[in-house]
Amino acid sequence: MVCAPRHTDICYVCVTPDMQSVVKHNFHEENEAKINKLINTKLTASYTYLALGMYFDRDDVALPNFSRFFLDRSVKEREQAESLLEYQNSRGGRIVLQTIAKPTREDWRGGLDAITFSLEYQKALNNTLLDVHRVAGIHSDPHPWAILCLELPEVRNINPIGYRKTTLRLPGEPLPDGQP
């Protein structure tokens, strides 16, 4: 099947006509595509946090609290992806999974470096979530709001990570990104 001309990046929208759901109602294809993109983003985040957790579990790094923190984040991201998968099915949408890329980094200079990365990563996840909200609003679809607000507390994840970053730096030492 050939994608519609307006679909420029990975096509999460195009499905064959015989795959249309009988329960699908008031679920715009762009909303469905954004949910699929968010699912893939959450699964990628889970994979990335899993890699971080296992890095800190290595015998030459041996930081078990960091390992546990990142492994817990991995589980939460996967659970959120599973909630989105269930949501997509319940709305009559089609799940379109994509390949999960390997994490962009495999080595860390320490806990502060990993927490700094995690904070920026969580902000990027929040932006993806905001994009889903934006598109749902454009198409007057109130349903995603409930699942996104109740099941995916991205903003609440940013603050504890920021707190960890602040407590890791030495008094008077500038943060790696140049902030005082």
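A salt bridge is a side-chain nitrogen of Lys or Arg within 4 Å of a carboxyl oxygen of Asp or Glu. Keep in mind that this is a predicted model.

**Exercise 1.** Find out which residues are linked with Lys34 in a network of salt bridges, and where Lys34 and Asp131 lie.

Solution. 
- Start with the general idea: side chains of opposite charge can pair when their charged atoms come close.
- The side chains of Lys34 and Asp131 form a salt bridge, with 2.7 Å from N to O.
- This pair links distant parts of the chain, as Lys34 sits in helix H1 and Asp131 in helix H3 (residues 111-138), 97 residues apart.
- The network joins Lys34, Asp131 and Arg134.
- Is Lys34 buried or exposed? A residue is buried under 20% relative accessible area; Lys34 has 19%, so Lys34 is buried.
- For context, the whole structure holds 11 salt bridges.

**Exercise 2.** Check whether the length of helix H2 agrees with its number of residues.

Solution. 
- Helix H2 covers residues 64-90, which makes 27 residues.
- The expected span is 1.5 Å times one less than the number of residues, and for H2 this gives 39 Å.
- The end C-alpha atoms of H2 are 39 Å apart, so the two values agree.
- Just after H2, Gly92 takes a positive phi of about 85°.

**Exercise 3.** Look at two salt bridges, Arg73 with Glu77 and Arg78 with Glu82, and work out how buried their residues are.

Solution. 
- The side chains of Arg73 and Glu77 meet at 2.7 Å, N to O.
- These two residues are 4 residues apart in helix H2, which means that about one helical turn separates them.
- Arg73 has 6% relative accessibility and therefore counts as buried; Glu77, at 0%, is buried too.
- Arg78 and Glu82 meet at 3.2 Å, N to O, and they also lie 4 residues apart in H2, about one turn of the helix.
- Arg78 has a relative accessible area of 35%, so Arg78 is partly exposed; Glu82, at 36%, is partly exposed as well.

**Exercise 4.** Describe how helices H1 and H2 pack.

Solution. 
- H1 (residues 29-55) and H2 pack at an angle of about 160°, and their axes are 7 Å apart.
- Angles over 145 degrees count as roughly antiparallel, so H1 and H2 are roughly antiparallel to each other.
- The crossing of H1 and H2 is left-handed.
- The residues of this contact divide into 15 nonpolar, 7 polar and 5 charged.

Technical notes:
Residues numbered from 1 in each chain as written. Predicted model: local features only at pLDDT ≥ 70, side-chain atom pairs only at ≥ 80, totals over all residues. Heavy atoms only, no water. Axes fitted to C-alpha atoms, helices over the stretch in contact; angles between N-to-C directions. Parallel < 35°, antiparallel > 145°, perpendicular 65-115°, else oblique. Left-handed = near helix turned anticlockwise from the far one by under 90°. Nonpolar A, V, L, I, M, F, W, Y, C, P; charged D, E, K, R; others polar. Buried < 20%, exposed > 50% of the residue type's maximum accessible area, 1.4 Å probe, protein only.
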